[in-house]
Amino acid sequence: MKKRILGINGLEVSELGFGCMGLSFGYGPALPKDEAISLIRAAYDLGVTFFDTAEAYGADNEEWLGEAVSPFRDKVVLATKFGWKDGDPRKGELDSRPERIRIVAEQSLKRLKTDRIDLFYQHRVDPAVPIEEVAGAVKDLIAEGKVGHFGLSEAGAATIRKANAVQPVAALQSEYSMFTRDPELEILQTLEELGIGFVPFSPLGKGFLTGKIDTSTTFGEGDIRNTLPRFQEGAREANQRIAASIARIADRKGVMPAQVALAWLLAQKPWIVPIPGTTKLSRLQENVGSVKVGLTADDLREIGEVLASMSVEGARYSEQGMKLVGR
């Protein structure tokens with residue numbers, strides 16, 4: 001797999017990463033530990049060197065990742081995040097006080113079984129703590145060698161600029177896909193200007209762009225999609241049009257819809273690195289195969305026309321969740 005660079009300080013990662021959230025959080029019951037570790041190692045064997053976790057996904061998530069990559073730790077980039085009060089996003093409260101950032105860093109280092117966090121993100125912008133203080137706290141950890149690079153998640157353009165002025169931001173992680181194109185309004189231009197990489201999470205629209213979700217699909221207990229507006233019955237029916245259009249393009253090219261969706265993201269900018277997650281080996285292999293899908297100028301133009309002609313129904317988060325993004 002080819003490599004891409006995140007940020008002006010040269011953080012090199014595989015062009016496709018692996019998001020670990022779904023191994024233990026957000027999409028129903030956690031995988032058994034041995035299966036999670038096996039999947040992470042399979043991703044590495046397929047060329048993935050960029051792995052994403054967070055304190056908020058539970059201690060197991062970081063511990064499994066640390067154990068999985070221990071045989072080849074120096075050949076991979078580990079990203080984790082701080083910022084939720086007590087590490088629990090279900091409370092909906094934030095905590096990015098410098099003293100808390102340091103506590104999370106020490107805990108994550110221990111769980112990841114490593115002496116450095118390669119990329120340390122603020123998970124959500126905390127309005128109670130000036131972003132300059134947050135950036136300064138991470139800058140101190142970088143100076144101590146405990147952190148390699150600083151990242152932000154779901155931050156707005158003004159916040160990105162303020163943080164970057166204190167400590168260069170290597171990457172912004174936010175939702176971006178054919179299904180969620182908000183970053184195109186202002187964020188991509190800001191990142192390009194400042195030399196910051198972009199790490200899209202949910203690059204497959206939380207599964208919608210795989211073509212496997214329709215109005216009859218049910219989600220298990222604990223699956224966040226049960227609460228998301230765009231996955232409710234009426235919106236889901238309307239959004240089938242986008243998934244169906246992408247599926248037709250994929251069928252014509254002889255590839256899977258998910259591969260077209262990921263290849264489209266990779267084609268947007270050379271500093272974009274999507275991090276699809278999965279709990280299945282077959283889907284992992286399918287996702288990694290997207291790096292070999294060549295989208296022509298005509299393909300990209302056709303996709304652009306499809307996306308321009310159809311709007312996505314429903315917000316990507318609840319009203320409360322939307323208040324935590326873009327600030």
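Let's start with the fold. Strand 6, helix 4 (residues 131–143) and strand 7 form a right-handed β-α-β unit. Right-handed has a set meaning here: with the strands pointing away from the viewer, the path from the first strand over the helix to the second runs clockwise. Helices (H or I, at least four residues) and strands (E, at least two) are DSSP runs, numbered from the N terminus.

Two housekeeping points. This is a predicted model, where local features need pLDDT of at least 70 and side-chain atom pairs count only at pLDDT 80 or more, while totals for chains, interfaces and linings use all residues. Residues are numbered from 1 along each chain as its sequence is written, and side-chain values use heavy atoms, with hydrogens and water left out.

Next, the pairing. Strands pair if DSSP finds at least two bridges between them. Strand 6 (residues 117–122) and strand 7 run parallel, joined by 5 bridges. In that pairing, L119 sits opposite H149 of strand 7. On to strand 8 (residues 169–175): 4 bridges tie it to strand 7, again in parallel. L152 has L172 in strand 8 as its bridge partner. The chain gets from strand 7 to strand 8 through helix 5, and this β-α-β crossover is right-handed.

How covered is strand 7? Mostly: 6 of its 7 residues are buried. Buried means under 20% relative accessible area, exposed over 50%, partly exposed in between (1.4 Å probe, protein chains only).

Take G148, in strand 7 (residues 147–153). Its relative accessible area is 32%, so G148 counts as partly exposed. G148 touches I117, D118 and I142, leaving out residues up to four places away in sequence. Contact means heavy atoms within 4.5 Å. G148 and I8 are 140 residues apart in sequence, yet 13 Å apart in space, C-alpha to C-alpha.

Now T159, in helix 5 (residues 157–166). T159 is buried, because its relative accessible area is 11%. Beyond four places in sequence, T159 touches V125, I131, L152 and R327.

Last, the cores. A nonpolar core is a set of buried Ala, Val, Leu, Ile, Met, Phe, Trp, Tyr and Cys residues joined through side-chain atoms within 4.5 Å. The largest has 76 residues, and F50, F120, L152, I160, M178 and I303 touch the most other members. Helix 8 (residues 257–268) gives this core its largest share, 7 residues. A separate core holds 23 residues, including C20, L23, I40 and L112.
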